[in-house]
Amino acid sequence: VTHSIPACIGNMTINSKQLDNESPVSIFAVNKCYVTVQEGTFFDGSGFAALVREGYKVRSDVNITLEFRTTAVQGILLGVSSAKVDAIGLEIVNGKVLFHVNNGAGRITATYEPRGTNSLCDGKWHKLQANKSKHHISLIIDGNLVQTDNPYIQSTSADTNNPIYVGGYPADVKQNCLTSKSSFRGCLRNLVLTKGQQTELFDFSRAFDLRGVFPHSCPGAEQ
């Protein structure tokens with residue numbers, strides 16, 4: 001066995017002496033145990049998850065669905081970029097959800113603004129769907145649709161070739177369709193990207209880089 005166990009371990013004794021869990025000599029990717037947990041992945045607000053090491057190609061069409069739960073009014077949800085300007089990005093900024101797309105001619109943004117500033121940041125689960133179809137983009141939050149006009153109708157393909165960064169991104173990585181640098185604090189689940197007939201559910205435990213992300217459980221309440 002070469003991988004860690006997704007579980008909680010407590011009250012461990014060796015030769016009748018209880019080990020001190022509170023002040024370990026070293027620690028890596030170990031979170032505390034919660035009395036109540038939910039299905040999902042916990043982002044502690046300090047890092048990110050990196051998926052698709054070889055690079056994700058958005059091109060003309062992509063549909064992104066996920067669920068999020070947070071009490072923070074700022075936080076990056078997802079970004080896929082290129083070395084040039086082509087990119088897509090999803091983020092929470094001042095309690096609003098923004099979906100940015102740049103097909104090469106310029107960035108356009110669909111913005112979902114809830115009635116109350118904190119209504120999306122209430123610690124409850126919210127469903128998000130972001131769709132890019134050529135030059136059209138739309139955003140659906142909890143069933144509410146937002147669309148935006150795109151003046152760059154000739155430009156239809158986001159030629160991205162970088163990994164998918166979720167919840168944040170490394171300091172040395174460029175993201176052309178994210179305005180915030182704030183890592184997401186909260187929980188995400190059911191991240192699915194669909195292109196045509198190809199649907200992919202992403203398992204965060206299979207990310208090639210995880211920092212400040214605990215893929216197997218989400219605290220039942222904000223700790």
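These legends describe close-up views of a predicted model.

**Figure 1. The disulfide of Cys 187 and Cys 218.** A search of the whole structure finds 1 disulfide. Cys 187 and Cys 218 form this link, with their sulfur atoms 1.7 Å apart. Distant parts of the chain are joined by the pair: Cys 187 belongs to strand S14 (residues 185-195) and Cys 218 to strand S17 (residues 218-219), 31 residues apart. The link is right-handed, with 95° about the S-S bond. Cys 187 and Cys 218 are both buried.

Figure 2. Cys 121 takes part in no disulfide. The nearest cysteine sulfur to Cys 121 is that of Cys 187, 14 Å away. A disulfide requires two cysteine sulfur atoms within 2.5 Å. Cys 121 counts as buried because its relative accessibility is 6%. Cys 177 also counts as buried, at 0% relative accessibility.

**Figure 3. The salt bridge of Arg 59 and Asp 159.** The whole structure contains 4 salt bridges by the search applied. In one of them, the side chains of Arg 59 and Asp 159 meet at 4.0 Å, N to O. Arg 59 sits in the loop between strand S4 (41-51) and strand S5 (61-69), and Asp 159 in the loop between strand S12 (144-148) and strand S13 (164-166), so the pair ties together parts that are 100 residues apart in sequence. Arg 59 has 41% relative accessibility and therefore counts as partly exposed. Asp 159 is likewise partly exposed, with a relative accessible area of 42%.

**Figure 4. The salt bridge of Glu 67 and Arg 189.** The side chains of Glu 67 and Arg 189 meet in a salt bridge of 3.2 Å, N to O. This pair links distant parts of the chain, with Glu 67 in strand S5 and Arg 189 in strand S14, 122 residues apart. Glu 67 counts as buried because its relative accessibility is 12%. Arg 189, at 21% relative accessibility, counts as partly exposed. The cut-off that separates the two is 20% relative accessible area, under which a residue is buried.

**Figure 5. The salt bridge of Arg 206 and Asp 203.** Side chains of opposite charge can pair when their charged atoms come close. Here the side chains of Arg 206 and Asp 203 form a salt bridge at 3.8 Å, N to O. Arg 206 counts as exposed, at 70% relative accessibility. Asp 203 is partly exposed, with a relative accessible area of 38%.

**Figure 6. Strand S8 and its two partner strands.** Of the 7 residues of strand S8 (residues 96-102), 6 are buried, so the strand is largely enclosed by the rest of the structure. Strand S7 (residues 87-93) pairs with S8 in the antiparallel sense over 7 bridges. S8 also pairs with strand S9 (residues 107-112), again in the antiparallel sense, over 6 bridges. Val 97 in S8 stands opposite Ile 92 and opposite Tyr 112 in S9.

**Figure 7. The turns on either side of S8.** S7 and S8 form a hairpin with 2 residues between them. Asn 94 lies in this turn and has a positive phi of about 50°. The hairpin of S8 and S9 has 4 residues between the strands. In that hairpin, Gly 104 takes a positive phi near 115°.

Technical notes
Residues numbered from 1 in each chain as written. Predicted model: local features only at pLDDT ≥ 70, side-chain atom pairs only at ≥ 80, totals over all residues. Heavy atoms only, no water. Buried < 20%, exposed > 50% of the residue type's maximum accessible area, 1.4 Å probe, protein only. Pairing = 2+ DSSP bridges.
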